[in-house]
Amino acid sequence: MGKNKLLRLSLVLLLVLLPTDASVSGKPQYMVLVPSLLHTETAEKCCILMSYLKETVTVNASLESIRGNSSLFTDLVAETDVLHCVAFSVPKISSSEEVMFLTVQVKGPTQEFKKRTSVIVKNDESLVFVQTDKPIYKPGQTVKFRVVSLDETFHPLNELIPLVYIQDPKGNRIAQWRSLQLEDGLKQLSFPLSSEPFQGSYKVVVQKESGGRREHPFTVEEFVLPKFEVRVTVPKIITILDEEMNVSVCGLYTYGKPVPGHVTVSICRKYNDVSDCFGEESQAYCEKFSGQLNSHGCFSQQLKTKVFQLKRKEYEMKLHTEAKIQEEGTEVELTGRGTSEITRTITKLSFVKVDSNFRQGIPFFGQVRLVDGKGVPMPNKVVFIRANEANYHSNATTDEHGLVQFSINTTNVMGTSLSVRVRYKDRHHCYNYQWVSEENEEAHHTAYLVFSPSKSFVHLEPIPHELPCGQTQRIQAHYILKGDVLQGLKKFTFYSLLMAKGGIVYTGTHGLLVKQGDSEYFRHLCIAAPFRPIQPYTTEASGTLLLLFLWVLGGIGGIWSHE
């Protein structure tokens, strides 16, 4: 699914822009944009832009496969310097996915151009999964499960499932259901196990109409539930500078009630070189304590870490906690465990948003985050940012999320790379083979120069925060247009295009007048783009990836930027 997601978020540039001398020669420029992954029976969009045309042309598009051709749209009338977008849909195919050839033909009284490229065509796949009421069953119990189907926007789908069956550990099909019609996107089923079934791993298998297959495992075995559970809560990470750590132990019966009783806790830091010759004391240093469980079945202790010598190198960089609860009245004893990692990293800086390239003369933007050794953002801290190639030295204070935004002037960068270093504190220079020193991790990033023959660029300023749904977002574009590209021009036009879930959802045009005599433009352009609520495309995603493309035509052969 991850692969398809990447494909769906890409564009195919079908008709390549002509070289930078196009305006001088008067030759036409053609560009057609279409998603490289097309979903069947779904509204897709294709955008066409042509420049330096002296006539009106028509555009046709078709898909070619081994079974024949199908027309997407015909005789679309296209005028010069107008961004035309046309909606189309692809008919359903027999297989779940197929590589086809997309052909676009531009034809006029004196002009004709034809381009053929490959695209992936895919049927919309439902998301089918199986849920059982528990992961483990005893012989003689009833397995209760349900089959759920959702479309790609996570709405219930009432599809027909050709076959559902249960398979035992020997590979035998022990139950099956045919032509299962889902209602409200699900169907609940059950199957009683025999008193002496094969023990081991079973699975529920769902075969979809498209040929896809989903499996869900469960286990059948004789087991005895423990009388109660011991839960140990310790910090996942502690730093070598932490002076205290909290340890909490709770005993709960399987039905949720607290366990009355007594707890014994042992916290150990093992030696790196363990010896069996000198007993337990040569294997680890341990601290032990005990106490009575409270009315909630819990016991907590604030422990001084000094006894574990967290900065010493001869120990493992972990603390192992073991807790034993003895139930009152029965003397039944059960054990729980927990582990804490010891880290020498006190603070850590990392780039959150940063471009891999820079354009000379256009600001270079970045965003860094400062966290402590446990990964918690650190607000109101001063970090130092340096980029020697740009003679940039600055400091900034982190916000409530531990974030800092910066912008570097690249006008005077003469080389082909720009190295950015961000630090919070200077490195600790003391070293001793017996001791672990604290570390404040810096962030380093190198961006490389984007080459442009005309030294003209356009770049979208990154948005530092999450985009709100249902609102219009203003996006800043920076551009430089130089020299020959402006000769004879009265106006140059910016075109913007917004993609979400792999489809084109917004296009815009922004025209700017050229003042006679100007040889260079270095300005900012604000684009207002609507961001509507859109469902995530895959179940793994926490949000929707939006791609905004911006380009300008007018004798410069096309300059691109996207964010």
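Student: C268 first. Buried or exposed?
Tutor: C268 counts as buried, at 15% relative accessibility. Keep in mind that this is a predicted model.

Student: And C286, what does that count as?
Tutor: C286 counts as partly exposed, because its relative accessibility is 30% and the buried class ends under 20%. C268 and C286 form a disulfide.

Student: How far apart are the sulfur atoms of C268 and C286?
Tutor: They are 2.0 Å apart. The torsion about that S-S bond is about 110°, so the disulfide is right-handed. The pair links distant parts of the chain. C268 lies in strand β21 (residues 261-270) and C286 in strand β22 (residues 284-292), 18 residues apart.

Student: How many disulfides does the structure hold?
Tutor: Three. Another one joins C250 and C298, with the sulfur atoms 1.9 Å apart. Its torsion is about 110°, so this disulfide is right-handed.

Student: Where do C250 and C298 lie?
Tutor: C250 is in strand β20 (residues 244-253) and C298 is in strand β23 (residues 298-304). The pair therefore ties together parts that are 48 residues apart in sequence.

Student: Are C250 and C298 buried or exposed?
Tutor: Both are buried.

Student: What about C47, which cysteine does it form a disulfide with?
Tutor: C85. Their sulfur atoms are 2.1 Å apart. The torsion about the S-S bond is 105°, and the link is right-handed. C47 sits in strand β4 (residues 44-51), and C85 sits in strand β7 (residues 84-88). They are 38 residues apart, and the pair links distant parts of the chain.

Student: What is the pairing if I number the bonded cysteines in sequence order?
Tutor: It is 1-2, 3-6, 4-5.

Student: New topic, sheets. What order do the strands have in the open sheet of four?
Tutor: The order is β31-β28-β26-β33, and the pairing is mixed. The twist averages 20° from one strand to the next.

Student: Which strands stand at the edges?
Tutor: β31 (403-408) and β33 (439-441). Each has a single partner strand, so one side of each is left without a neighbour in the sheet.

Student: How many bridges join β26 to β33?
Tutor: Three, and the two strands run parallel. β26 covers residues 345-354. T345 stands opposite E439 in β33.

Student: Remind me, through what do strands of a sheet pair?
Tutor: Through backbone hydrogen bonds, in either a parallel or an antiparallel sense.

Student: Then β10 and β12. Parallel or antiparallel?
Tutor: Antiparallel, with six bridges. β10 spans residues 127-132 and β12 spans residues 142-150. The bridge partner of V128 in β12 is S149.

Student: How many bridges do β12 and β15 pair over?
Tutor: Seven, in the antiparallel sense. β15 covers residues 186-192. K144 has S190 as its bridge partner in β15.

Student: Zooming out, how many helices and strands does the chain have?
Tutor: Two helices and 41 strands. Buried residues make up 43% of the 563 residues.

Student: What share of the contacts join residues at least 24 apart?
Tutor: 63%, counted among contacts between residues at least 6 apart in sequence.

Student: And what does the accessible surface come to?
Tutor: About 30000 Å². Carbon and sulfur atoms account for 49% of that surface.

Student: Last one, confidence. What is the mean pLDDT?
Tutor: It is 81, and 81% of the residues reach 70 or more.

Student: Where does pLDDT stay under 50?
Tutor: Residues 1-25 are one stretch, for which the model has 77 contacts beyond four places in sequence. Residues 531-563 also stay under 50, with 138 such contacts.

How values were computed. Residues are numbered from 1 along each chain as its sequence is written. This is a predicted model: local features need pLDDT of at least 70, side-chain atom pairs count only at pLDDT 80 or more; totals for chains, interfaces and linings use all residues. Side-chain values use heavy atoms; hydrogens and water are left out. Two strands pair if DSSP finds at least two bridges between them. Axes are lines fitted to C-alpha atoms, for helices over the stretch in contact, and angles run from 0 to 180 degrees between N-to-C directions. A disulfide is a pair of cysteine sulfur atoms within 2.5 Å. Buried means under 20% relative accessible area, exposed over 50%, partly exposed in between (1.4 Å probe, protein chains only). pLDDT is the predictor's confidence in each residue, from 0 to 100. Contact means heavy atoms within 4.5 Å. Accessible areas come from the Shrake-Rupley method with a 1.4 Å probe; for residues, only the protein chains shown count as cover.
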